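Dear colleague,

Please find the structure that I am handing over to you below. My notes on it come after the display.

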Amino acid sequence: MLKTCYSPRYYAKTHTNSMEKLAAVAEVLQVENIAALIDPGMIDIDILKQLHAPEYVDAFVNGIKPLASFQGFRNWNEQLRDAILSINAGQIVAAEIAWQEGIAGNIAQGFHHAVYEYGGAYCTFNGLALVAQQFPDKKIFVLDCDQHGGNGTAEFTRRLPNLFNFSIFGHRFGCPSYERSVTHLIDQRTGNFRQYVDAVEAGFQTALDWQADLIIYQAGMDCHQADRFGSQWFTTELLYERDKLVFGLSNRYHLPMMFVLAGGYQRLYHLVPLHVATFRAANAVYFK
């Protein structure tokens with residue numbers, strides 16, 4: 001059975017639904033027996049201080065504003081702190097499971113906009129760069145399919161030589177191109193799924209050429225046509241096909257895969273089924 005990291009500590013009440021959706025997705029996975037949930041514990045704060053500016057980490061852990069709320073969550077509280085620390089622990093555990101079993105998930109969001117000095121756009125700490133930091137002898141390739149470019153991860157490629165960022169998006173979000181940060185903008189109105197498939201296939205070819213040891217797939221759902229940031233041509237069915245394509249290529253090339261939920265800004269009753277479908281796609285490919 002597909003294994004994915006999750007703990008009830010992941011839940012936090014916010015003014016958005018971006019943390020609340022994690023518990024809602026986990027509930028469906030449990031009820032429908034789609035995945036086995038693994039509690040990853042909580043990350044050691046000193047590990048985060050190796051990744052981010054120590055003063056920023058201290059500010060978040062202790063609720064010192066403005067840095068504690070700089071990522072966009074207005075009301076810092078201990079529940080939010082513990083959720084973020086648990087989710088980042090899940091990144092490390094899920095990566096380890098992926099190397100053991102070929103595939104693993106983390107019911108998580110909020111990584112790719114966080115830079116070294118601070119968080120942003122509901123991303124507190126960069127859990128993508130975290131995996132590269134914690135496994136310096138492994139090449140970590142991020143296939144970012146969120147609708148917004150992964151600007152924070154792009155910046156971390158300049159600090160971590162074993163990190164590669166490959167972003168496919170409809171909103172640039174200031175995401176820069178560097179030696180190990182490749183960007184593909186697909187227009188929200190005039191783009192199409194064929195262009196998206198070509199970009200995904202190019203991403204995998206880049207990962208193979210770079211000899212990646214792990215793919216981290218950001219399975220964003222803010223691309224969906226009904227999302228306020230979405231692309232008008234990206235239907236529910238095409239998002240499922242995207243997920244099956246990504247998992248299928250990873251499986252075909254024997255590239256260990258770890259995936260996370262990433263963005264999505266619809267109401268929960270529309271959004272949760274989209275995220276759950278990613279787990280269905282993984283099962284369809286890896287556990288036929």
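Predicted model: local features only at pLDDT ≥ 70, side-chain atom pairs only at ≥ 80, totals over all residues.

Residues are numbered from 1 along each chain as its sequence is written, and side-chain values use heavy atoms, with hydrogens and water left out.

Nonpolar core

A nonpolar core is taken here as a set of buried Ala, Val, Leu, Ile, Met, Phe, Trp, Tyr and Cys residues joined through side-chain atoms within 4.5 Å. Burial is judged by relative accessible area (buried under 20%, exposed over 50%, partly exposed in between; 1.4 Å probe, protein chains only). The largest such core has 95 residues, and those with the most contacts inside it are Leu 143, Tyr 196, Phe 247 and Phe 279. Helix α4 (residues 78–101) supplies the largest share of this core, eleven residues. Helices (H or I, at least four residues) and strands (E, at least two) are DSSP runs, numbered from the N terminus. Contacts are heavy atoms within 4.5 Å. Leaving aside residues up to four places away in sequence, Phe 247 touches Ile 103, Tyr 217, Met 257, Phe 259, Thr 278, Ala 281, Ala 282, Val 285 and Tyr 286.

Salt bridges

A salt bridge requires a side-chain nitrogen of Lys or Arg within 4 Å of a carboxyl oxygen of Asp or Glu. The structure holds ten of them. In one, Asp 39 pairs with Arg 9, with the closest N and O atoms 2.8 Å apart. This pair links distant parts of the chain, 30 residues apart: Asp 39 lies in the loop between β2 (36–38) and α2 (45–51), and Arg 9 in the loop between β1 (3–5) and α1 (20–31). Asp 39 counts as partly exposed at 44% relative accessibility, and Arg 9 counts as partly exposed at 28%.

In helix α7 (residues 193–210), Asp 198 and Arg 194 are separated by about one helical turn, because they are four residues apart. Their salt bridge has its closest N and O atoms 2.8 Å apart. Arg 194 also forms a salt bridge with Glu 201, at 3.8 Å between the closest N and O atoms.

Cysteines

With a disulfide defined as a pair of cysteine sulfur atoms within 2.5 Å, the structure holds zero disulfides. The sulfur of Cys 5 is too far for a bond, because the closest cysteine sulfur, in Cys 123, is 19 Å away. Cys 223 is in no disulfide either, the nearest cysteine sulfur being that of Cys 145 at 7.1 Å. Cys 5 is buried at 0% relative accessibility, and Cys 223 is buried with a relative accessible area of 0%.

Ser 86 is in helix α4 and is buried, with a relative accessible area of 0%. A polar contact is a pair of N or O atoms within 3.5 Å; within protein, one must be able to donate a hydrogen and the other to accept it, and residues adjacent in sequence count only if both atoms are side-chain atoms. The side chain of Ser 86 makes such a contact with the side chain of Arg 9 (2.8 Å), and reaches the backbone oxygen of Asp 82 at 2.8 Å.

Glu 237, in helix α8 (residues 236–252), counts as exposed at 55% relative accessibility.

Yours sincerely
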